[in-house]
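Subject: Structure handover

Hello,

Here is the structure I promised to pass on. Please open it next to this message and follow along.

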Amino acid sequence: MTAHTVEYIRYRIPEQRSAEFLAAYTRAAAQLAASPHCVDYELARCEEDFEHYVLRITWTSTQDHMEGFRKSELFADFFAEIRPYVTHIEEMRHYKPTTVRGTGASVPTLYAWAGGAEAFSRLTSAFYDKVLKDDLLAPLFAGLDPDHAQHVALWLGEVFGGPAAYSETQGGHGHMVAKHMGRGITEPQRRRWVNLIQDAADEAALPTDAEFRSAFLAYVEWGTRLAVHFSSPDATPPAEQPVPRWNWGAAPPYQG
């Protein structure tokens, strides 16, 4: 998967034309929303100087923008709306994201919201206690390493935004995938795993608000379905990747 391209278009619009400019872009945005080459878009207005606007459009690639969107039927309707403002463009360029990126602390991580390392330790302890008593799952975990529950607690903690303890002590994503290779996990076993970890989350007193539990379950579904895939007899290990980092209402793109 190649990195997306971010296009920035900077406008200087006379204040008396701002209302019509915003109305035009509201209509033009329908063509962006309909384009399979457009990832997302946002028009922002400067707080210090109301005449300055920046339109940010994320494209699947520069080529997709220039050869896909611009040569599609959508572009004609898009350009018809913005044509009156082309002379007000001060910059129109494509940018590639760099590795300098991150998130601030204004929103707590799922890890912090859950209660940190102690909460995930309670979760996995309760979960594997249930697993070893379960007729469908117990055979998968015969001869379980006594430290397995704690290792999974480290994994989940890192996934949900905590410290990179799993990567530093266990080897990262490839190590976790390797534990599932050749195990032939079935769909009924996967579904039981999902159900039991939700029961364990209740028992471990993890937060029950809808936002946290929906993000928690989204990862559980994503992770267990990958586990089934990599446990099949003909599966090949993926390229080495960092541990996925889960956030509120968003899933990291998986690259095979």
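Below is what turned up, taken region by region.

One point before the details: this is a predicted model.

**The main core**

Start with the largest nonpolar core, which has 39 residues. Leu-123, Phe-160 and Phe-216 touch the most other members. H4, H5, H6, H9 and H10 are the elements that give two or more residues to this core. H5 gives the most, with seven residues.

Leaving aside neighbours within four places in sequence, its contacts are Thr-109, Leu-110, Tyr-111, Phe-120, Ala-215, Phe-216, Tyr-219 and Trp-246.

**Helix H5**

H5 covers residues 116–131. It has 16 residues and spans 23 Å from its first C-alpha to its last. That is close to the 22 Å expected at 1.5 Å a residue.

Which residues of H5 are buried? They are Gly-116, Ala-119, Phe-120, Leu-123, Thr-124, Ala-126, Phe-127, Tyr-128 and Val-131. These buried residues pack against four helices: H4 (110–114), H6 (148–159), H9 and H10.

**Aromatic pairs**

The whole structure holds 25 aromatic pairs. Two of them are worth a look.

Take Phe-127 and Trp-193. Their ring centres are 4.7 Å apart and their planes meet at 65°, so the pair is edge-to-face. The pair links distant parts of the chain. Phe-127 sits in H5, Trp-193 sits in helix H9 (residues 187–203), and 66 residues separate them. Phe-127 has 1% relative accessibility, so it counts as buried.

Now take Phe-212 and Phe-216. Here the centres are 5.9 Å apart and the planes are at 20°, so this pair is stacked. Both belong to helix H10 (residues 210–231). They are four residues apart, which means about one helical turn separates them. Phe-212 is buried, and so is Phe-216.

Tyr-11, Phe-21, Tyr-25, Tyr-53, Trp-59, Phe-69, Phe-75, Phe-78, Phe-79 and Tyr-85 form it.

**Helix H3**

H3 runs over residues 73–82. Its buried residues are Phe-75, Phe-78 and Ile-82. They cover an arc of only 65° around the axis, so they fall on the same side of H3. What covers them includes strand E1 (5–12), helix H1 (18–34) and helix H2 (62–69). The face of H3 turned away from the buried side carries Glu-73, Ala-76 and Ala-80, which are exposed.

**The strands**

E1 and strand E3 (residues 52–59) run antiparallel, joined by eight bridges. Val-6 stands opposite Thr-58 in E3. Strand E2 (residues 38–45) also pairs with E3 in the antiparallel sense, over seven bridges. Arg-45 has Tyr-53 in E3 as its bridge partner. A hairpin of six residues joins E2 to E3.

**Two loop residues**

Leu-140 is in the loop between H5 and H6. Is Leu-140 buried or exposed? Its relative accessible area is 16%, and the cut-off for buried is under 20%, so Leu-140 is buried. Not counting residues up to four places away in sequence, Leu-140 touches Arg-183, Ile-185 and Gln-189. The C-alpha atoms of Leu-140 and Arg-225 are separated by 16 Å, with the two residues 85 apart along the chain.

Ala-205 lies in the loop between H9 and H10. Its phi is near 60°, a positive value in a residue other than glycine. Most residues other than glycine have a negative phi. Ala-205 is exposed, with a relative accessible area of 56%.

**Where to look**

Then go to the edge-to-face pair of Phe-127 and Trp-193. Finish with the buried side of H3 and the residues Phe-75, Phe-78 and Ile-82.

Best wishes

Terms used:
Residues are numbered from 1 along each chain as its sequence is written. This is a predicted model: local features need pLDDT of at least 70, side-chain atom pairs count only at pLDDT 80 or more; totals for chains, interfaces and linings use all residues. Side-chain values use heavy atoms; hydrogens and water are left out. Rings of Phe, Tyr and Trp (its six-membered ring) pair if their centres lie within 6.5 Å; planes under 30 degrees apart count as stacked, over 60 as edge-to-face and the rest as tilted. Buried means under 20% relative accessible area, exposed over 50%, partly exposed in between (1.4 Å probe, protein chains only). The expected span of a helix is 1.5 Å times one less than its number of residues. Contact means heavy atoms within 4.5 Å. A nonpolar core is a set of buried Ala, Val, Leu, Ile, Met, Phe, Trp, Tyr and Cys residues joined through side-chain atoms within 4.5 Å. The arc is that of the directions from the helix axis to the C-beta atoms. Two strands pair if DSSP finds at least two bridges between them.
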